[in-house]
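Please look at the sequence and the structure below. A short briefing on selected parts of the structure follows.

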Amino acid sequence: MYHTHKEVELVARHTLSIIVDNEAGVLARVIGLFSGRGYNIEHLTVAPVDLEGHESRITVVTVGTPHAIEQIKAQLDRLVPVHRVGDLTESGPYVERELALVKVHCNNDQQRAALRIAEAFRAKTVDSSFDSYIFEVTGKTDKIKAFIKLMEDAGLVESVRTGVAALTRGSKAL
Amino acid sequence: MSGKALSGAEIIINSLVDLGVEVIFGYPGGAVLPLYDALYDQDKIRHILVRHEQAAVHAAEGYARSTGKPGVVLVTSGPGATNAVTGLTDAMMDSIPVICLTGQVPSHLIGSDAFQEADTVGITRHCTKHNYLVRDVDMLSQIVHEAFYVATNGRPGPVVIDIPKDIQIFTSATSHSGMVKHKSYRPEAKGDTAAIREAVRLLSAAKKPIFYTGGGVINSGPAAAQLLREIVQLTGAPITSTLMGLGAYPASDKQFLGMLGMHGTYEANHAMHDCDVMICVGARFDDRVTGRLDAFSPNSKKIHIDIDRSSINKTVRVDVPIVGDVAHVLEDMLKIWKATILENGQQSYEDWWADIAVWRSRNCLKYSRSDDVIMPQYALERLQELTKDKDVYFTTEVGQHQMWAAQFLKFEDPNRWMTSGGLGTMGYGFPAAIGAQIAHPDALVIDVAGEASIQMNIQELGTAAQYDLPVKLFILNNEYMGMVRQWQELNHDGRYSHSYSDSLPDFVALAKAYGAHGIRVDKPADLDGAIKEMIAVKGLVIVDCRVEKLANCFPMVPSGAAHNEMILPDEEDRQEFEGGAALV
């Protein structure tokens with residue numbers, strides 16, 4: 001009786017920077033917009049960025065069709081406490097980093113492997129006990145994922161990631 | 001600014017007075033008692049006691065849309081706020097400026113599941129343009145002033161201010177006067193000149209242009225409607241309007257093609273489909289307008305004027321987007337247009353108007369007359385004829401009667417027509433009529449209703465009676481949720497699942513129960529008399545107009561069809577459209 005149709009369009013990953021008033025509920029507004037309108041969030045980071053704590057910067061990594069990305073930016077921009085929305089993926093070269101803490105529980109063989117991998121990834125050891133380590137590693141998402149993957153064989157217990165923080169390259173602000 | 005220390009409740013009342021508020025629609029409760037106490041001994045703001053909080057918001061919407069001023073609502077916490085949610089969502093969808101003050105449990109009880117506690121800012125986050133939870137009485141005055149700025153600037157919408165009971169009692173000496181701008185929210189009213197030039201270039205080169213206008217023209221204010229008339233008449237192009245935009249351009253003018261969309265006219269939809277340049281002014285390519293998207297006006301260049309950037313390219317790709325306020329943009333466009341015409345001369349659209357004449361001759365609103373039974377279309381034709389010289393405001397509920405009203409009532413001016421467009425809220429019309437009547441006490445305010453919709457806020461008979469509001473409820477009673485029944489007939493093989501209006505009240509007796517006047521009419525010959533009586537009676541009137549039960553509203557673009565594939569009244573035994581019905 002009814003026919004439904006599905007759109008097939010290429011999707012792309014975009015890193016968005018959103019400057020907002022640092023007020024109660026603002027994060028809920030931003031992520032509520034994503035869930036309410038059916039957009040994806042792959043990464044989310046948020047913290048106040050000015051010294052007085054009046055403004056926060058939200059970094060969202062989202063995946064969508066070019067049309068959806070345009071809509072996301074326009075919809076974010078019309079939220080009252082949103083000051084500016086930047087699309088780092090579109091606006092030129094940018095630096096993207098995330099940080100992970102990775103806990104391993106290892107026997108003697110694993111221990112050596114874990115330390116060797118950590119060194120190769122320039123991870124710092126931020127906690128160690130008789131049979132465990134916590135490594136701190138920063139880098140692009142792919143590097144973090146690779147590090148965690150390698151640690152699986154070195155006794156990975158658990159890990160936590162901050163999500164992406166990103167800035168455009170060069171002297172200009174968003 | 002600092003002055004004498006006042007309670008939060010007094011600060012709110014003073015702020016509202018300062019902002020020019022004359023009327024509040026509300027309902028008291030525990031968490032707003034201090035505010036109601038402050039209302040008790042003042043005479044600057046009139047409080048209208050509704051019978052349900054949803055109706056308070058619709059009444060505020062009716063007030064706002066008939067005056068151009070924001071409507072104000074006051075309700076209590078918990079159920080007061082949740083009852084208001086439908087009205088807020090309605091105002092959000094139709095871009096109506098409403099400020100809704102909600103009471104909240106005292107600050108220290110928030111989050112404890114206290115009596116009549118609800119997470120109002122959480123619940124209303126998605127159905128308001130913005131909302132506030134007041135945590136500091138020193139911020140109260142600023143928030144109220146800022147809320148008015150946010151509600152009325154840019155694309156208008158509802159704003160909720162949630163005020164814990166303790167904040168209403170605490171005192172502060174901080175107060176503001178005049179509009180307080182939001183610190184970062186600054187919608188741009190003026191459109192990009194280069195884009196406007198490009199729009200004029202396209203328009204002046206067009207062979208088959210059309211203006212497609214919407215509620216944004218009305219929201220932009222009377223100047224926008226005036227400028228629209230000027231530019232449309234100067235260009236000589238045809239114009240069609242959305243449901244929300246009716247009245248922005250006079251219906252009687254020969255360039256007006258009537259409403260477009262699912263129940264729009266044959267000529268409007270065909271002209272939209274075949275045009276070469278479309279200029280969309282304050283409308284948003286709603287699915288009720290476009291029909292199947294991939295078949296929507298396939299060969300036109302599209303210009304889109306909208307104050308909300310997110311409306312641009314949302315569903316339909318446009319060639320020339322102009323973000324700005326309709327009045328500002330049209331003013332610039334008019335100047336550039338005049339200069340262009342001086343240089344290049346005016347196009348005439350003779351061939352285009354000849355095409356339109358053919359579509360018009362199809363007479364798409366035709367219906368079969370009857371001497372025995374009142375056809376709903378006939379009832380609206382007579383209502384139009386007998387009210388056309390009056391100072392009249394129309395509201396509607398939602399369904400067939402609403403579409404017939406849009407087709408058969410003729411609006412010459414903006415702000416005279418109030419209907420729930422985006423959300424499609426049954427129960428909107430009666431409280432909206434109350435709001436319009438409060439704003440225009442001497443005007444004739446008529447709610448064109450269906451017997452099903454009217455029952456969704458029928459309790460407001462109490463409100464209308466209490467304030468002696470001479471609202472006229474003109475109920476087209478076909479004993480069905482007519483639009484549901486029509487879709488069941490067209491899409492579900494006539495399986496009328498739960499769409500019959502059983503156990504209807506005796507509307508005439510109901511009117512009497514509230515001290516109002518009731519009229520029942522079921523013969524075409526008696527219709528004029530009934531309408532005249534309705535107008536003549538000084539007071540609340542219910543007309544139970546018994547109409548043909550199984551009439552369908554045509555033309556109709558079936559769901560899933562292109563916007564030029566309409567079912568016309570004389571083609572009811574149509575074939576199925578390719579692909580069957582869509583889900584919208």
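The model is predicted: local features need pLDDT of at least 70, side-chain atom pairs count only at pLDDT 80 or more, and totals for chains, interfaces and linings use all residues. Residues are numbered from 1 along each chain as its sequence is written, while chains are lettered from A and ligands numbered from 1 in the order in which they are written.

**Backbone angles**

- Most residues other than glycine have a negative phi, and most peptide bonds are trans.
- B:Asp113 is not a glycine, yet has a positive phi of about 55°.
- This residue sits in the loop between strand S5 (98–104) and helix H5 (120–123) of chain B; helices (H or I, at least four residues) and strands (E, at least two) are DSSP runs, numbered from the N terminus.
- B:Asn313 also has a positive phi, near 65°, and is in the loop between strand S13 (301–306) and strand S14 (320–323) of chain B.
- B:Asn313 counts as partly exposed because it has 17 C-beta neighbours inside 10 Å.
- The peptide bond from B:Phe554 to B:Pro555 is cis, with omega near 0°.
- B:Pro555 lies in the segment after strand S20 (541–546) of chain B.

**Domains of chain B**

- Chain B has domain 1 (2–174), domain 2 (193–360) and domain 3 (376–553), with bounds from an automatic or database domain assignment.
- The C-alpha centres of domain 1 and domain 2 of chain B are 37 Å apart.
- Six residues of domain 1 of chain B are in contact with six residues of domain 2 of chain B, where contact puts the C-beta atoms, placed from the backbone, within 7 Å.

**Helix H8 of chain B**

- Helix H8 (residues 193–205) of chain B has 13 residues and should span 18 Å at 1.5 Å a residue, which agrees with the 18 Å between its end C-alpha atoms; the expected span is 1.5 Å times one less than the number of residues.
- The buried residues of H8(B) are B:Ala195, B:Ile196, B:Ala199, B:Val200, B:Leu202 and B:Leu203.
- Seen down the axis of H8(B), these buried residues fall within an arc of 160°, so they line one face of the helix; the arc is that of the directions from the helix axis to the C-beta atoms.
- The buried residues of H8(B) pack against several elements of chain B, including strand S9 (209–213), helix H10 (222–235) and helix H13 (326–344).

Technical notes:
Contact = placed C-beta atoms within 7 Å. Buried ≥ 20, exposed ≤ 12 C-beta atoms within 10 Å, placed from the backbone.
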